[in-house]
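Hello,

Please find the structure below, with its sequence. My notes on it follow.

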Amino acid sequence: MTTTPGTIVVAVGGNALAPPGRRSTIGDQFAHTRASLGAVPALAAEGWHIAIVHGNGTQVGDELERGEASAEHLPPMPLGVLVASTAGWIGYMLQQSLQNALHARAIDREVVTLITQAVVRADDPRLVDASKPIGHVLDEAARRKLREAGYVVGQDAAGRWRRMVPSPVPTGVVEAPMVRRLVEDGKIVIAAGGGGTPVVWDDALGWEGVDAVVDKDRVAAVLGRTLRADVLLILTQVEAVYRGWGTEAQVPVRRLTLGEARAMLADETLGRGSMRPKMEAAVEFVEQGGQRAVIAHLEQGVEALAGQTGTTIVEDGST
């Protein structure tokens with residue numbers, strides 16, 4: 001395992017910026033954003049080429065709710081457009097927070113946010129399977145209101161009731177070549193915000209947006225393939241992948257080979273919750289040629305890259 005800085009894709013969850021269990025003001029979200037980027041200035045100082053992908057689950061749910069509340073006066077915006085909207089203002093928060101952190105450490109690196117489109121298949125069955133939670137936790141009255149309006153409501157990985165939307169599997173990023181050029185030039189690029197706005201190709205019309213949300217960890221792995229990244233770092237609110245999660249016997253797993261990671265996914269111990277797409281993205285990234293994928297707590301990214309915490313996934317036979 002090399003420790004020489006190369007190219008790294010850092011994935012940060014939208015829940016880290018605005019936890020789904022409570023309402024957050026923009027001021028709160030700026031504070032969460034600054035805390036979530038602790039590892040990036042250190043990586044920049046070491047000379048890593050960096051792309052950052054972020055989620056938007058809580059925020060895009062808020063935007064849908066705002067649109068519904070004001071529908072009597074203004075036409076609501078479709079979900080795909082709201083993904084792009086949140087990618088813009090969350091990108092602004094990340095960009096400014098990172099610029100300030102780099103300035104404080106006298107690190108001369110430019111930061112840019114790029115609105116990107118995630119390619120999905122028009123025949124992906126997940127386009128009609130509302131399975132991804134967005135927005136805040138719903139009480140009984142809110143659940144009933146949404147169901148009566150024709151929306152899907154379900155439980156997230158923590159058993160909390162939330163709005164559910166389709167989440168197709170990304171196969172590419174339209175603007176990935178541009179992201180690669182910027183990253184190779186030393187720019188820190190915030191891309192595929194909220195997983196990127198999902199689009200399908202139409203032979204007559206070209207790219208067409210669809211109303212869905214792409215998982216940010218999956219698209220981070222796809223983007224990493226185009227960037228020829230060495231490392232995928234998935235930062236979350238859990239220290240590592242655990243065996244026996246939620247039981248008295250739970251134990252963090254520090255290192256997994258591809259075969260071991262596939263076995264964990266196959267035996268369904270991870271369920272369909274938030275850790276499963278992270279593991280699936282990590283496996284996909286390493287399968288596509290990445291040196292390693294690391295899943296770690298938001299505040300322990302640097303330590304996890306050094307193998308001191310988190311979970312590292314590597315190829316079979318790696319030492």
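Predicted model: local features only at pLDDT ≥ 70, side-chain atom pairs only at ≥ 80, totals over all residues.

Strands of a sheet pair through backbone hydrogen bonds, in either a parallel or an antiparallel way. Here three strands make an open sheet, ordered β5-β7-β6, with antiparallel pairing. The edges are taken by β5 (130-134) and β6 (152-155); each has a single partner strand, so one side of each has no neighbour in the sheet. On average, neighbouring strands of this sheet are turned by 55 degrees against each other, direction ignored. Four bridges join β6 to β7 (residues 161-166), in the antiparallel sense. Helix α4 (residues 57-69) packs on the sheet, where it touches β5 and β7. The direction of α4 makes about 90 degrees with that of β5.

Now to another helix, α3. Why is α3 (residues 39-46) described as largely enclosed by the rest of the structure? Because six of its eight residues are buried, and buried here means under 20% relative accessible area. The buried residues in α3 are Ala39, Val40, Pro41, Ala42, Leu43 and Ala44. What do these buried residues pack against? Their contacts include three strands named β1 (7-12), β2 (49-54) and β12 (231-236). They also pack against β9 (188-190) and against the helices α5 (79-104) and α11 (301-305). Just after α3 comes Gly47, which has a positive phi of about 100 degrees.

Regards

Note on methods
Residues numbered from 1 in each chain as written. Heavy atoms only, no water. Buried < 20%, exposed > 50% of the residue type's maximum accessible area, 1.4 Å probe, protein only. Helix = DSSP H or I, 4+ residues; strand = E, 2+ residues; numbered from the N terminus. Contact = heavy atoms within 4.5 Å. Pairing = 2+ DSSP bridges. Axes fitted to C-alpha atoms, helices over the stretch in contact; angles between N-to-C directions.
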